Amino acid sequence: MIKEAFQKLADEYQTNYHLKTRRVTGIENSTLEIDIYKIKIPYHQHTIQIKYEFGNHNMAVIETTLIPKTIIPNIELTTRSHFSRLLSFKAKRWSIKSSNRLLERTILENLKATQLTELAEKEAFEPIIKGYQKNENYILNTQFYLGFNNKEKTLVPIITFYKNMIDYLDRNYGSY
């Protein structure tokens, strides 16, 4: 199903996805097959890079790079685990750190609008989203574990999330 989801994206964005399969030797001559799916989605003058790795770490990494005209505040969003929310009924799903409250609110609204919040409530979808300055670039990076059902349903919402964030960051901080 994940292969079909990547193919559908490739068709929609008129690009190609790449599948790399490797076999690595493990303990006592066992072998482990690792499948790495990669796709680059063009959006305005930016590229959203997506990598889903299955078989070893089972991790997704999504990233884009912007060159802003002004400094964008750092952000870090993590997900509170189901267990910690059970211990505290008032605990919110997301924990976010940034010096800019408007940027925090925009991210939270974007998570809700793209239905990633809903996905996090139904599945063990627990992304870590970081935005940080690196030299003259601003990197927006998302990572999450793929060990849950319906992982193919993360692709379209995460791309929409990135598109919305790129639009917001370009509009408010400019971009070259």
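I began at the hairpin of β7 and β8, in which two residues lie between the strands. Asparagine 135 takes a positive phi there, near 60°. I note at the outset that this is a predicted model.

I then looked up the pairing on this side of β8. Strand β7 (residues 128-134) runs antiparallel to β8, and seven bridges join the two. As one example, I recorded glutamine 133, whose bridge partner in β8 is tyrosine 138.

Next I asked which residue of β8 is the bridge partner of alanine 60. The partner is phenylalanine 144. Strand β4 (residues 59-66) is also antiparallel to β8, with eight bridges joining them.

I checked how far β8 (residues 137-145) is covered.

I turned to helix α1 (residues 2-12) and listed its buried residues: Ile2, Ala5, Phe6, Leu9 and Ala10. Why do they fall on the same side of α1? They cover an arc of only 140° around the axis, and therefore share one side of the helix. The general rule I wrote beside this is that an α-helix has 3.6 residues a turn, so residues three or four places apart point the same way.

On the other side of α1, I found Glu4, Lys8, Asp11 and Glu12 exposed. I then traced what the buried residues of α1 pack against: β1 (17-25), β2 (31-43), β3 (46-54) and α5 (155-173).

My last entry concerns glutamine 14, which follows α1 and has a positive phi, near 50°.

Key:
Residues are numbered from 1 along each chain as its sequence is written. This is a predicted model: local features need pLDDT of at least 70, side-chain atom pairs count only at pLDDT 80 or more; totals for chains, interfaces and linings use all residues. Side-chain values use heavy atoms; hydrogens and water are left out. Buried means under 20% relative accessible area, exposed over 50%, partly exposed in between (1.4 Å probe, protein chains only). Helices (H or I, at least four residues) and strands (E, at least two) are DSSP runs, numbered from the N terminus. Two strands pair if DSSP finds at least two bridges between them. The arc is that of the directions from the helix axis to the C-beta atoms. Contact means heavy atoms within 4.5 Å.
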